[in-house]
Amino acid sequence: MAKRIDVEDLNAWYGSFHAVADVSMTIEPKQVTALIGPSGCGKSTFLRALNRMHEVVRGARVSGQVLLDGQDIYGEGVDAVAVRRSIGMVFQRPNPFPTMSVRDNVAAGLKLNGVRKKSELDDVVERSLTMAGLWDEVSHRLDRPGGGLSGGQQQRLCIARALAVEPEVLLMDEPCSSLDPISTLRIEDLIGELKDRYTIVIVTHNMQEAARVSETTAFFNIAGAGEPGRLIEMGPTTKIFTKPDDTRTEDYITGRFG
Amino acid sequence: MTVAAPASERLASRSTREVRRGDRIFRGLSVGSGLAILAIIVAIAVFLVWKALPAFHTSGLRFFTQTAWFPDARPARFGVAALAFGTVLSSVVALVLVVPVAIGAALTLTELAPRRLGVFGGYVVDVLAVVPSVVYGLWGVYYLVPKLIPMQRWLDHNAGFVPLFQSRNDTFGRSVFAASAVLAIMVLPIIAAISREVFRQVPQANREAALALGATRWETIRMAVLPPSRSGVVGAVMLGFGRALGETIAVALVLAASFNVNFHVFEPGGNTIAANIATKFGESGVTGREALIASGLVLFVITLGVNMAARGVVYRSTRIAEGKV
């Protein structure tokens, strides 16, 4: 189920602004890959290019290749909607559908895929919520609106929603940055459990978090304001955080800038 | 050498007192405005009831069942039944015609059109709102009414088994349907403009949640945009309904007035409370004016009822949205 992602010469723009330049990397399956770097370095944009969410912003475009187990998601005849159905995404701020019940939130993706049978939906809802570590907390109030949960619960609900469609890849854009430390810990634990089954890419501002959850770390940086973000260095997390090859990486992780 | 003022003096400093005074003035102004609004509504209600009482006295309960309007005859025969029916019927038909168009237009402007086109389209919709209603009325009579006749005739011939589409005397023209069509165009900008604002309030994060799950444009609208907008859109529709119920001059111009309870909306005739007041007021005697004011009271009650029902719906769906139910 987990797939490997090969990125070749990826560039991303917002209108005339060049946000990400010439990124090539390989993201291994069944691993957590962390994307770190200062604000505005293009790491979130890069993440959004991996499931063709970048292009939903008006005027945004992408060039280059993103190969999902060899198939280019930007290839001719590839439907962006189909790409997004096989790649799950969790956002910085929890964004459950506020008026939809907890159950319907989790089942939303399945319903898009045409699953209507109630028993099947119920099974998936329970399994996904259990995987996201939320089942015990919400099993007695599946019919209440998703907007009524706490922030940490909402974020786990969003993870359950993403898992429900059994994606091949899970993209997480600073999933813990708006959460308290306890909720953060729960989600980091969850990421640790999920990596046996999924390819996980996580953007984070928090270097301890990258060190805790990831096997591989990629460091992005910008040369200055208005310059595009570039991939500086990528390697095993332990190496990036102990003896990186590039001095810019070292400066960043030791807190000398950014 | 300067000495800091003692704490007690600083706490009671002049600026604090001035802020307090500002608060008092503001409070007085806002409470005063609120009370003024209440007072105006009460004054209207009292005036209507006071002036309408003699009419109720004259006609008794038949005021609510009678479908004729001869208040100045001896004996007087008048009732609001046909008028109230025509008022509600024409407004309901107008809503049926306009709601899908208005919501569709609002969705197009916010969700589908390129940004600049959306902004420009918004201006165009707003311009529709500032056209005076008498202009709509004249346009309706001279342009729209004849244009609608072929469509009504076609429906009558092909779907005439539905009473709504049937014209028993095979005439069309200045019918309730024509009035409804004009009303629909008049309330279109209200409903579309408010709905557009409501849709724009939906956080982009909601849309992205749906898109990231692999929703198409339409599925995104259905999953992420419409549900949180429901109360706002209901409010918009109800405002449009209120406007349609009270619209006077355009309806008076379009309708060929008659006093009957008739579901055949394609047949010429029909009337509404507001249009009847406008056309009859000048020629009315004492009883006639009392009767018209009584009908105005009925219109007031209808619109008040519609507004309160809308409040109820909005309140309930907001509570659902906030997870309090």
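A salt bridge is a side-chain nitrogen of Lys or Arg within 4 Å of a carboxyl oxygen of Asp or Glu. I counted two salt bridges between chain B and chain A. One of them joins the side chains of Arg85(A) and Glu219(B), at 3.2 Å from N to O.

I noted that this is a predicted model, in which local features need pLDDT of at least 70, side-chain atom pairs count only at pLDDT 80 or more, and totals for chains, interfaces and linings use all residues. Residues are numbered from 1 along each chain as its sequence is written, chains are lettered from A in the order in which they are written, and side-chain values use heavy atoms, without hydrogens and water.

Next I looked up the contact (heavy atoms within 4.5 Å). I found 25 residues from chain B and 22 residues from chain A in it. The two chains bury about 2,000 Å² between them, 61% of it on carbon and sulfur atoms. Buried area here is the accessible area (1.4 Å probe) that two parts lose on being put together, summed over both.

Then I turned to the largest pocket. A pocket is an open set of points on a 1 Å grid over the protein atoms alone, where a 1.4 Å probe fits, with protein on both sides within 12 Å along at least five of seven lines; lining residues have an atom within 4 Å of a point. I read about 700 Å³ of space in the largest pocket, the volume being the space filled by probe spheres set on the points, which are joined across faces, edges and corners. Of its 22 lining residues, the closest to the centre are Arg58(A), Thr110(B), Glu111(B), Gln204(B) and Arg207(B).
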